[in-house]
Every structure is written in C-alpha cells, then in structure tokens.
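Follow the chain through a helix contact, a hairpin and a pair of rings. Keep the structure in view as you read.

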Amino acid sequence: MESELRIKALSALDPLFALRYSATHRNPYNVIYRLTPFEAYRQGLVKRIEVASVVKENDENQVFLRLDGIKTEKKTITARLALHKLMKGGTVKEQIVTIRPGDSLEKMAERPEYAGFEIDEINPGGGFVRFANNVELKVGESRGADKEAIFEAQIRYTIEEHFRKQAKLRDAGLKVLSLFFIDKVDNYAQEEGIIRQLFVKAFNEIKARHPDWKHIDPLTVQASYFAQKKRKGGAIEILDTVSGKTKEDEATYDLIMKDKERLLSLDEPVSFIFSHSALREGWDNPNVFQICTLNQTTSEMKKRQEIGRGVRLAVDQAGDRVRDEKINVLTVVANESYEKYVERLQTEIEEEYGKEGLPPKPADARKRVTVKLRKEYTLKPEFKELWELIKHKTRYNVKINTERLLNEVVPEIEKTEIRPPRVTVTKAQLSVNTEDTFDAIQVSADRPVLYLDQRYPLPNLVEIMANLMEHTTPPLRLTRTTLLEIYKRSQNKKAAVDNPHEFASVAVRIIKEKILDQLVNGIQYEKVNSWYEMTQFEDIPSWAEYLVPAAHSVYDHVLYDSEVEREFVMGLEKRDDVKLYLKLPRWFTVPTPVGEYNPDWAIVMEPRDSHGDNTGEELLYLVRETKDADWKSDLRQDELWKIHCGGRHFKDALGVDYSVVTKASELP
C-alpha cells in the first residue's frame, strides 16, 4: 500500500477517506483504533498461553558457558557471556559478564573449574569466541548446559502434552498440531540428527501408554520446513525452499505452507512440524496447541514471533472457529524459566507498542531534608562521659575444637537430602493484570523429568569445599585434611558422587553454622588502642517521611528504620528521666565473626525513685538494641549472633549496660 503506483491508484479513485487495516503499518498515519496484544488477550480473541519451563537444577559440577553476543565499537571488541559465578555467601548463580581478549573466566567466575578458559580471540566476523584451551563457542551456543538432556525433556513433555490434548479434543472435531523450533537444521534434517533421534525414541516410548497412538509410526506424523537464506547484494533474501527437490519434499512443503485445511483434518497423520525459523512471515495455523522451543534463548527470533504461530483460535473439522477458553490454550515448552520467558515477551511487546494507556507512575512526593547535629549537645558533660565509655574499639579471640566440629557437622550432613542434578518442568499460565502487563501464575510444582547424575568426571571435592569456604560471609578456612575427614566420615558418599557440588555446598553451609556457633559462644573481646572520634559526627541527608522530631536527641530529628524504632523514639521523648540519646551512626560498628554489627541506641538516663524524684545516684549510660517482641524467633541466625557478640563487646570489654528492648518503657 506504500508503493508509488498504489498510492497513485488510490488517489485516482478520489475517495472521501480511506480506512487501512494492518498488523504492521509501515507508516501509521492517523490511528483511530488499535487492538494491542494485551487487549486481544484480555478479550479472549486469541488462545490463552501457558509456559512449561524445562530447566536444569542443582548442577554446578561442570563448566557452563553461553555466548549471547559480540559487540564491536570503534576499536574495541567485547562479548556478552553467561557463566556460573560464585557469589558472596557461597552460592553459584548464572551471571552475564562482558569479556575482552585476555580475560580469565576463572577470575571472573571465582571458580577453579574455569581454569584454562582465558579469552584468546573474539571474532565478530565468524561470530565466535576462542579460549586458550582451544574451546570455541559460537553466538547462541552453550557449553555445559546439557543441551541434549534439555532437548530430550522438552520433546518428551511436548509429545505427552500432544497426546493428552488430542484425546480430549478429538470428540470436539479438533486436530492438534505441535510446532518445534529447532536450533540447527542438521540436528533434524540428517538421519542421525539428535533432535530427530530424540523425537523417535520418545514417541515410541510414550505411545505405549496411549491406545490411539500405539500403532503409529513416528516417521508418518512428522513434517519439516526450513527457510533458506540467500544473500542478494547487501541484503538477505528469504527463499521458501525445502531440503532437497524430491516429490516428497515438495509434497511436505505444500502440506505445511499451502494446504492448511488438509493439515487440519483428523485423517491427515502429520501433526508434528519442525522448523528452524518462525516459518514464512504471515504463516500460522489455528490448531497449533504446542510450541516447543528447541532453539537457544538468545535466538534472533522474537518470542512474539514464536507464539504468534499458534495463538489464533482453533478451527474444527467443519471449518468453524471454536471459542471455548478451556480448549484454546497454547502450551509453550521453553528451555528457560517461565519468569524469564514472560519477562522477555513483555519487553518485546512494550518495545513494539509502547506503554500508552498505562497509568503514569506517581511522582516522587518525598521531601529531601538534612538532619542537623546539635553541636552544643556534644559538649555536655553527660554526652562526653557516654562517648568516653562506648567509643573504644575491640578485637575478639576465638578457638575452634576440631573434633567437636566434626562430630557436629557429619550427622547434620547425613540428615540433609542431597538431590542429584536433574531437569525439571514447571508450568505457569499467563494472565493480563489491570496495568496491561502479563502475570505468570504457577499452576504446577517443578517436577523432575530427567536425572543427570554420574554423567561427568568427578571433580576435586575438597578443592570445591575449600573454594566455597573462602566465599562464605565472613570467609572461613579449614585445612584440607579436616575437609577430607568430613567426607571420609560421611555415610552418604553416593550423594557426593552423584552431585559433588551440591554435597560441597550443603557441607559448607553446615560447617559455617557449627563454626560460628563455636566462635560466638566462646568469643572474648578486649580493648585495642583505637577508638571512634567525635569529629566523625556530621549532618545527615534523609527523607522527611522517615524522621521524628527530637528534643532530647543529639540530632534535631531521628532517622528511624522501622515502626518499632519510631515508637521507641516517641517513647524516649515522653520520658523526663532521659537526659539525652543518640541513634548510633552507621559507621559505629563492632567486629563479629559474622560481619560488622551496628548497635541502635546510646542513652543517658537520670535515676529516679517511684515518685519521680532524683535518687542522687550516678547517671545511667546504656546501649540498647530495639527489636519487636518476637525477635528471638523472628531474626535470622546471623542477626542473633551479632546481638550476642555486641553484648559481649559492651558488657565484658567496656563495662557498659547492654540489652535488647522493644519499648522505651522497658528502660530502667
């Protein structure tokens, strides 16, 4: 409609107006109505979408890499690479890093498993990265992701889902189709192609449980279409071709691309279609009920393109559209978590259609203010005395009983379930919320469908444990001899063989608990020749909504972090026996085996009798921590340890009264 000839032809009609209908306007002139994907989904004009995510869990035993892209900018070449990075606290998570020639993945991941993976070459022309150990990775490819295992689980789930849906929908006159998007043509087109082999194997095993399919040959239910790219000048032209020129190939091409009605017939055996791309633009089939994405998640194909091939409402044998929402459900079997899938789909739609119609985000109404230090308060004798008591820094001494540690750690490991690495499937349904965005509602628990134990050479278990120990918070160290002894005393050696990294992670977590328990309970503090200076006090920038005006505080307002603290400040202000108090600044910390501890309050009080009269005794100098009434059961273990250590610091080393309170009324 945008060519010069067509514009001239339309003008020759001398129309009063022209109405244009298109899903992809090249030039949107005056849009008078727009049906967005969200609105179409909300109105039930397309199929409901559910995502069955097939992912690998609990397997950090091998090197994982995925090359997401290569970028050239001026004279700099970088690449985006996914790897399994060791995080603070000893957990391993997938992280995207930017790499350059010479970078060491061992250092980036902080894991010895990546030794030898130094970046030797980033080749934008060839689209690959080569490492010093001669391993090459192309854009979109992954290593250590157990692609074959993931493919097997996806294919099995899709076939099972296909059989179940066809059994339910046959009486309604509906033919069910499943569409597979594959990563490489050779993985299916070749006789020994891994996807072809996995499909045949899974089909033959699963069909035994489904009477309607029991005697069906898997070769008769498959068809494939592969678009071929041909470079024409500087552009790429997509040709509708099939692999080969045989009559069989032509018939397959006609069935998929032209004879949609025949493909919808229950008499036509073909019901599983394989393609490398999103098929020709505009191709879809209303009876695609499963889409299995065997391509990489970094594929150039958009999620909208993928699901667009199957979201039309189904058609029965009479050619009539079926509008039953219970029938019209498209299952996407993806090789990523459903959260990531939905997030990417959401992003693509917003990039295409914008966020028009969404309510604007409320303006930030918070007011920025500065909390002023009352310097005259810091000159009062009672504050100087308080500061003299609490300002001193300390160091702690601890001892570890190795035999006691072993006796405590090993039984705990025995009681902990250590599951082998596995591939799991979790299903979630998509719904549109009031803000025209997708919500993913999980409808099934993650179910293991394939176990991956004993597939790889065993790593050095002691080295893994030692490396994890150094990345705990705080870093802890045990000798290799002690770590080896833990393994030797364990009765669950099969778990260590099936999933070495998970065994090491569990062991390190328990070791940390037991070590810290010994450290904290036996800790001893002593003063050192260092202290916090009063000159470190300064004005504090803050938000007005988190401040309470204060007459007795060293600052004109008190910044609170919780409702308990706000109530405590208001209680202090209502007590006449509180001479002054201070919310201890963040830089005022006490060292502990589990990290720095920042106590809450320093308070000066005047002793009073039951009638409210001054008893004449010396002022009380207190340090208090504020927690809610259930703090002993609600707090994390490391917070409890910090409070315990804080008490030993103030009471034992400094001789200052310390305790935990909830309300100001609990003060002496």
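Rings of Phe, Tyr and Trp (its six-membered ring) pair if their centres lie within 6.5 Å; planes under 30 degrees apart count as stacked, over 60 as edge-to-face and the rest as tilted. The structure holds 28 such aromatic pairs. In one of them, the ring centres of Phe180 and Phe272 lie 6.3 Å apart and the planes meet at 40 degrees, so the pair is tilted. Phe180 sits in strand β9 (residues 177-182) and Phe272 in strand β13 (residues 272-275), so the pair ties together parts 92 residues apart in sequence.

This is a predicted model: local features need pLDDT of at least 70, side-chain atom pairs count only at pLDDT 80 or more, and totals for chains, interfaces and linings use all residues. Residues are numbered from 1 along each chain as its sequence is written, and side-chain values use heavy atoms, with hydrogens and water left out.

Helices (H or I, at least four residues) and strands (E, at least two) are DSSP runs, numbered from the N terminus. Now the helices. Helix α4 (residues 147-169) packs on helix α6 (residues 194-206) at about 45 degrees, with axes 9 Å apart. The axes are lines fitted to C-alpha atoms over the stretch in contact, and angles run from 0 to 180 degrees between N-to-C directions. α4 and α6 are therefore oblique to each other; angles under 35 degrees count as roughly parallel, over 145 as roughly antiparallel, 65 to 115 as roughly perpendicular and the rest as oblique.

Last, the hairpin. Strands β18 (residues 422-432) and β19 (residues 438-442) pair antiparallel over five bridges; pairing needs at least two DSSP bridges. Gln429 stands opposite Ile441 in β19. Five residues lie between the strands, and Asp436 takes a positive phi near 55 degrees.
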